[in-house]
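Look at the model below. The walk-through starts at a ligand site and then moves to a sheet.

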Amino acid sequence: MRVLASAPAKIILFGEHSVVYGKPAIAAAINLRTYVRAEFNDSKRIKIEAHDIKTPGLIVSFSENEIYFESDYGKAAEVLSYVRQAIELVMEEADANGKGVTVSITSQIPVGAGLGSSAAVAVATIGAVSKLLGLELTREEIAKLGHRVELLVQGASSGVDPTISAIGGIIHYEKGKFEHLPFVELPIVVGYTGSSGPTKELVAMVRRTYEEMPEIVEPILTSMGKVVEEAIETLLSELEEGMKLARLGRLMNINHGLLDALGVSTKKLSELVYAARTAGALGAKITGAGGGGCMYALAPEKQSEVATAITIAGGTPIITEISREGLRIEEVLP
Ligand SMILES: Nc1ncnc2c1ncn2[C@@H]1O[C@H](COP(=O)(O)OP(=O)(O)OP(=O)(O)O)[C@@H](O)[C@H]1O
Ligand SMILES: C[C@@](O)(CCO)CC(=O)[O-]
Ligand SMILES: [Mg+2]
């Protein structure tokens with residue numbers, strides 16, 4: 001039997017980092033996907049083929065007649081830890097430890113770029129392997145297992161990323177619970193800096209700042225929570241479309257300033273954010289953990305101008321759409 005599953009990337013429209021401290025966030029699935037194929041193999045081992053990921057620590061040396069490969073196995077194993085934990089949790093749930101399973105991954109999502117590649121790979125893996133093992137899990141249950149994977153690997157996670165990747169659409173997420181917000185085709189442009197920021201390290205860095213200066217950081221997180229509440233009200237309001245987007249744009253700019261205050265922006269991210277605003281975006285902010293990775297802009301009727309401005313500022317624009325669909329079982333073959 002062979003199962004192919006896929007799960008989408010996401011953008012955090014509002015509320016990254018503050019969501020880890022129990023504040024609300026708004027997240028949307030987007031049309032970039034990670035595909036995971038799972039099948040039984042004849043060994044008693046788990047085999048992972050990750051086709052789109054660089055394996056760190058590989059050293060190649062050669063003489064005239066021979067090539068030598070050495071690897072820092074610790075680093076290589078670490079990069080596969082989301083997939084490994086996802087498989088192990090499902091094998092445990094299905095009481096299937098000891099079975100041979102091969103998992104093969106291909107992905108359209110840039111890695112460590114704030115677009116939820118870790119959650120998408122975990123959710124698609126859980127989806128594919130659970131189906132292979134005959135476990136009937138709901139999307140909510142898969143989201144919860146994805147959250148456990150992130151907690152095991154990162155040490156801290158709000159769970160918003162695995163939830164949006166499993167569920168799809170646009171959600172309001174808060175303290176482990178979610179509700180769908182009305183689906184809207186938001187005119188967004190994502191700008192990729194080309195560098196990555198590991199979520200685990202950025203969340204830990206914010207935690208250290210919080211512990212060092214709680215009286216300063218607490219009000220920043222509270223303000224972020226208020227910005228998100230206001231954005232939820234705006235999305236649910238009867239405001240005319242243009243006014244709605246203008247208000248969301250202003251709230252994005254405030255959210256970006258607060259994220260910058262927490263120390264998760266970089267020079268390149270800020271350059272892309274200001275380039276987008278100058279080219280006519282109503283708002284622009286970091287999306288995801290920051291420290292590199294991506295920003296996004298809200299740019300009705302200005303998507304191509306903003307994309308060009310991002311390119312000129314040295315970034316890579318990604319014009320994408322919000323995706324209604326979360327985890328998808330693409331194919332089940334006998
Ligand atoms: N295609 C893939 N195959 C295997 N592992 C992957 C893949 N994509 C992502 N990962 C895992 O996810 C890690 C990156 O996750 P990280 O949380 O740091 O960034 P992100 O999820 O892309 O961004 P963010 O969490 O800010 O949205 C990689 O180092 C790797 O361990
Ligand atoms: C930075 C963070 O808030 C969002 C990453 O997309 C981490 C999390 O919520 O787990
Ligand atoms: Mg992640």
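A residue counts as near a molecule if one of its heavy atoms lies within 4 Å of it. The model is predicted. By that cut-off, the residues around ligand 2 are Lys 10, Ile 12, Glu 16, His 17, Val 19, Val 20, Ser 157, Ser 158, Val 160, Asp 161, Gly 288 and Ala 289. This shell divides into five nonpolar, four polar and three charged residues.

Which atoms meet the oxygen atoms of ligand 2? A polar side-chain atom of Lys 10 lies 2.6 Å from an oxygen atom of the ligand. The side chain of Ser 158 places an N or O atom 2.6 Å from an oxygen atom of ligand 2. His 17 uses its backbone: a polar atom there is 2.9 Å from a ligand oxygen atom. Taken alone, ligand 2 exposes 300 Å², and the protein buries 99% of that. Strand 1 (2-14) and helix 5 (160-167) are the elements that give two or more residues to the shell.

Four strands form an open, antiparallel sheet in the order 10-11-9-12. Strand 10 (283-287) and strand 12 (316-318) stand at the edges with a single partner strand each, so one side of each has no neighbour in the sheet. Neighbouring strands are turned by 25 degrees against each other on average, direction ignored.

Strand 10 pairs with strand 11 (residues 294-298) over five antiparallel bridges. In one of them, Gly 283 has Leu 298 of strand 11 as its bridge partner.

Two helices contact these strands. Helix 8 (residues 241-262) lies across strand 10 and strand 11, at about 45 degrees to strand 10. Helix 10 (residues 303-312) packs on the sheet and touches strand 9 (188-192), strand 11 and strand 12. The direction of helix 10 makes about 10 degrees with that of strand 9.

Key. Residues are numbered from 1 along each chain as its sequence is written. Chains are lettered from A and ligands numbered from 1 in the order in which they are written. This is a predicted model: local features need pLDDT of at least 70, side-chain atom pairs count only at pLDDT 80 or more; totals for chains, interfaces and linings use all residues. Side-chain values use heavy atoms; hydrogens and water are left out. A polar contact is a pair of N or O atoms within 3.5 Å; within protein, one must be able to donate a hydrogen and the other to accept it, and residues adjacent in sequence count only if both atoms are side-chain atoms. Accessible areas come from the Shrake-Rupley method with a 1.4 Å probe; for residues, only the protein chains shown count as cover. Ala, Val, Leu, Ile, Met, Phe, Trp, Tyr, Cys and Pro count as nonpolar, Asp, Glu, Lys and Arg as charged, and the others, Gly among them, as polar. Two strands pair if DSSP finds at least two bridges between them. Axes are lines fitted to C-alpha atoms, for helices over the stretch in contact, and angles run from 0 to 180 degrees between N-to-C directions. Contact means heavy atoms within 4.5 Å.
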